[in-house]
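This report goes through one protein model, a few residues and helices at a time. Please keep the sequence and the 3D view open while reading.

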Amino acid sequence: MPSAVVIPAHNEASVIERCIRTLLSSAETDEFHVCVVSNGSTDNTVAQATSALQDWPLSTVVDIDIPSKIEALRAGDLATSHYPRVYLDADIQMTTETLRALVDELEAAHSPTVAAPKLVVDWRHSTWPVRAYHKVWVRMPYVAEGVIGSGVYAVNRAGGDRIGEFPDVVNDDAYVRGLFSERERISTAGEFVSVAPVSLRALIRRRARTELGNKQVDTIITGSGSSSTRESLLRVARERDIRLAEVVTYAGITVAAKLLAAYRKHRGTDGQWSMDMSSRNLS
């Protein structure tokens with residue numbers, strides 16, 4: 001039986017073909033059911049996805065009017081019955097070999113399990129503050145010990161049963177991660193690539209969205225949205241190849257993101273999820 005990959009896509013015409021072709025570069029035609037769900041797209045996301053999947057008979061492209069990632073995830077779940085099931089952001093690059101390793105681990109798990117491969121951040125096109133932030137961020141325990149989310153997570157059937165229907169949350173990654181205990185989360189072989197924002201402004205806006213999403217989820221699942229501790233940052237700061245300027249930059253951006261999140265909360269715009277176009281426009 002094939003496994004499933006659900007890819008929510010809102011105005012992702014610039015990256016969706018790269019995502020699909022990287023994912024299926026060495027796959028068998030009956031190996032994966034890839035379901036792209038365009039949600040409220042006003043560009044040619046649907047056409048690009050359809051073209052990239054034209055030689056894959058198990059593929060599905062769904063087009064819904066509502067610009068909502070959660071609605072796209074729900075539609076994707078309705079469009080496929082297969083497990084293990086991978087939820088993949090359209091701007092992520094993950095190879096077939098990494099996908100197979102992810103699926104194999106979940107097929108071997110009998111209890112509810114969520115999994116993801118190792119995150120690699122591509123900051124080649126980013127400004128120095130963005131690079132400095134990510135150099136520290138990838139050393140924090142949340143990332144270094146095996147991140148679940150940040151663009152990719154997958155579950156076996158028992159894990160999918162635990163998730164059920166996705167609720168109305170801004171940060172689905174944090175919600176799903178919070179549903180599983182540490183022993184139910186596994187880091188699998190291989191890597192996936194997430195492209196960092198180009199500018200400092202774009203990074204602060206992205207981190208503010210994440211902060212708001214984590215706080216929202218934390219009201220549903222206590223502790224799920226918790227950030228890495230000050231002690232973790234101090235440990236990272238003592239690593240030999242980390243400079244003080246990079247630690248200070250990380251801390252400053254974190255504070256700026258929290259302030260922006262608080263401002264958005266005050267204005268009542270905390271439920272909105274927007275995209276970082278700076279990294280997508282590099283494609």
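Asp172 is buried, with a relative accessible area of 2%. Buried stands for under 20% relative accessible area, exposed for over 50%, and partly exposed for what lies in between (1.4 Å probe, protein chains only). The model is a predicted one: local features need pLDDT of at least 70, side-chain atom pairs count only at pLDDT 80 or more, and totals for chains, interfaces and linings use all residues. Residues are numbered from 1 along each chain as its sequence is written, and side-chain values use heavy atoms, with hydrogens and water left out.

The side chains of Asp172 and Lys69 form a salt bridge, with N and O 3.0 Å apart. A salt bridge here is a side-chain nitrogen of Lys or Arg within 4 Å of a carboxyl oxygen of Asp or Glu. Asp172 belongs to helix H8 (residues 172-178) and Lys69 to helix H3, so the bridge ties together parts that are 103 residues apart in sequence. Helices (H or I, at least four residues) and strands (E, at least two) are DSSP runs, numbered from the N terminus.

In the bridge between Lys69 and Asp89, the closest N and O atoms are 2.9 Å apart. This pair links distant parts of the chain: Lys69 is in helix H3 (residues 69-79), while Asp89 is in the loop between strand S4 (85-88) and strand S5 (93-94), 20 residues apart. For the model, the count of salt bridges comes to 17.

## Helix H5 against helix H11

Two packed helices are described by the angle between their axes and the distance between the axes. For helix H5 (residues 128-137) and helix H11 (residues 244-267), the axes come within 8 Å and cross at roughly 95 degrees. Axes are lines fitted to C-alpha atoms, for helices over the stretch in contact, and angles run from 0 to 180 degrees between N-to-C directions. H5 and H11 are therefore roughly perpendicular to each other. Under 35 degrees counts as roughly parallel, over 145 as roughly antiparallel, 65 to 115 as roughly perpendicular, and the rest as oblique.

On the H5 side, the residues that meet H11 are Trp128, Pro129, Ala132, Tyr133, Lys135, Val136 and Trp137; on the H11 side they are Ala245, Glu246, Val247, Thr249, Tyr250, Ile253 and Thr254. By class, this contact of H5 with H11 has 10 nonpolar, two polar and two charged residues. Ala, Val, Leu, Ile, Met, Phe, Trp, Tyr, Cys and Pro count as nonpolar, Asp, Glu, Lys and Arg as charged, and the others, Gly among them, as polar.

## Two residues of H11

Glu246 and Lys135 meet through their side chains in a salt bridge (3.3 Å, N to O). Glu246 is in helix H11 and Lys135 in helix H5, so this pair joins parts that are 111 residues apart in sequence. Glu246 counts as buried at 4% relative accessibility, whereas Lys135 counts as partly exposed at 22%.

Thr249 is also found in helix H11. Thr249 is buried, with a relative accessible area of 15%. Leaving aside neighbours within four places in sequence, Thr249 is in contact (heavy atoms within 4.5 Å) with Trp128, Pro129 and Ala132.

## Helix H5 and its other partners

The buried residues of H5 are Val130, Ala132, Tyr133, His134, Val136 and Trp137. They pack against strand S6 (114-122), helix H6 (141-144), helix H9 (200-218), H10 and H11.

The axes of H5 and H9 come within 8 Å and cross at roughly 40 degrees. That makes H5 oblique to H9. Pro129, Val130, Tyr133, His134 and Trp137 of H5 make this contact with Leu200, Leu203 and Arg207 of H9. The residues divide into six nonpolar, one polar and one charged.

## Cysteines

How many disulfides does the model have? The count comes to zero, where a disulfide is a pair of cysteine sulfur atoms within 2.5 Å. The cysteine sulfur nearest to that of Cys19 belongs to Cys35 and is 13 Å away, too far for a bond. Cys19 is buried at 1% relative accessibility, and Cys35 is buried at 0%.
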